Each structure stands twice: as C-alpha cells, then as structure tokens.
Amino acid sequence: MSPPGPTSFRFDLPSEPRRVGAAVRRALRSWARAGGLDRRARFRARVALGETLANAVVHGNEGDPSRLVRVEGRATPHLLRVSVTDEGSGFEPEGVPDPREAEGRTRAGGRGLLLVRRMVDRVRYEAGGRRVTLWVRGRGSAPVGAGGRPDR
Amino acid sequence: MSFDVVRVEQVTVVAIPRELELGNRDGLKRVVGARLEAGDRKFVLDFERTRFLDSSGLGTLVTLAGEIREAGGELRLAGLSEPIRTLFALTRLDGLFRLSRSRAAAVGEL
C-alpha cells in the first residue's frame, strides 16, 4: 500500500441544513486518506467545519437551496485547509457579540463563530465574510505559531 | 436518529443519539415539548452515546432548559464525554446546566 500523501477536494453544496453533515464527512474522509486524522484532530475539524458550513447555508445563503456553498480543501498528513464560500451578502465577524457574556449565555444562537475560533489553528475571513478559510493541524503537529507557515 | 424516552420513577430520561446537531435538533425539541405538555417536569438528557454536538445542539439545550424552568421543572444533563464537556466550557454553558456523571446519578439527584 502506498504511503498517505496530500489529497484535495472541491464540491458545491446546495443550501440545505440536512446536507451539512455529509459535506463535513466528505472533507474528513479526504483528510483521513491523507493520513492526518487522529481522534482529537477529527473532533476539532468536525466542529469547526460543521459550524462554518452551517453558517454559510443558514445565514449566508439564507437556506435557499438554489444558492450554492463552495467547499475547497487540501489535506496533508499535518494540515487540513478548507475554504467555504457562500453566495450571501457577507457579514463582519468582529460585529458578532460574545456569547459568553451574561446576556448571550441564555440565547439559543450565536456560539458558532466562537467554537470555530477555538477549534482551529487559524481562520481567515475574506470577501466581506462570504469566504472563510480554516486551517487545522493534524496528527503530531506543532501548533500554528511554533514555526512555519500554516497555509502551505 | 431517534430520541428514546423512558420514565424512571418521576423522571423522564431522554437518550441523546450519537450526534445532536442542526439536522436532528428539532426532534429533541418535539420530544421534550410533548413530555412537558403531558405534565412531565423532571428531565434527564442522557449523553452517554453522544460523540458530537454542534452550536445548534447547544442552543437547543439552552432553549429547552428555559422552557422546563418556566414550567416549574428541573433538568440535568448526564454522561457528557470529555470533548463535549470542552464545548460547554468554551461557551461557558457549564455554569448554566447541572451536569451529572451518569444517568443513574442524575435520576438520583432529581
């Protein structure tokens, strides 16, 4: 059997909440083929990617199935990089209130962005918030910031 | 993925499936809503089998806790795995819920 190597993926997702889980699993399978997944990395990537796709489907594209979410990624044994682009009007991540504040704790929503930030090694928002790129370190990797660029 | 419900003495125990997320959270709302409507007031949500929870699942738990409290009831969450406890801690929801080690412990504490 050949050793694991880099894999890449690119697909479009109709904006239906029930499709988010399958899209996340597809990206994680690609990372598993690249040899980067252990239990901890899988959980972090699953939470972060699930939240990002759900935001794109529900908030970005407002659940309109005719609008697509594009998912593009590259996986190596040490790193998963995924970009998620929606067709909505964008948002300002800095404008989202902190759900840990007293008032936010009893609200039903507003925790997704916080979970993304805490689960990934790096996140970048572009195109007015319509495009989000996540980096998650894989098996046995040093955390981002310990040397080297995470976006290669 | 269904939500199995059993009554243990005066306590309604709902088994949360392997995942609680955007795709199935409405099922949990319906199950607990129906039991509240039927007069149940003491609830345990058992996460023993659960391996994944997203922010919409967390939000659903916040909503249900509010509905149960408003009806004069009580809620405990039982059997949360370490990664899922981490999500509660990151969002500071660990202080909003009463957590028990196991289903049996939660039932005993209500």
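The model is predicted: local features need pLDDT of at least 70, side-chain atom pairs count only at pLDDT 80 or more, and totals for chains, interfaces and linings use all residues. Residues are numbered from 1 along each chain as its sequence is written, chains are lettered from A in the order in which they are written, and side-chain values use heavy atoms, without hydrogens and water.

**The sheet of chain B**

- Look for an open, mixed sheet of five strands in chain B, ordered β1-β2-β4-β6-β7; strands are DSSP runs (E, at least two residues), as helices are (H or I, at least four), numbered from the N terminus.
- At the edges, β1 (4–8) and β7 (99–100) of chain B each pair on one side only, where pairing takes at least two DSSP bridges between two strands.
- Strands β4 (42–46) and β6 (74–78) of chain B run parallel, joined by five bridges.

**Where chain B meets chain A**

- Each chain brings 20 residues to the contact, which means heavy atoms within 4.5 Å.
- About 1,900 Å² is buried between chain B and chain A, 66% of it from carbon and sulfur atoms; buried area is the accessible area (1.4 Å probe) that two parts lose on being put together, summed over both.
- B:Leu22, B:Phe52 and B:Leu90 supply 30% of the area that chain B buries against chain A, more than any other three residues.
- The interface holds two salt bridges, that is, a side-chain nitrogen of Lys or Arg within 4 Å of a carboxyl oxygen of Asp or Glu.
- A:Arg46 and B:Glu21 form a salt bridge, with their closest N and O atoms 3.9 Å apart.
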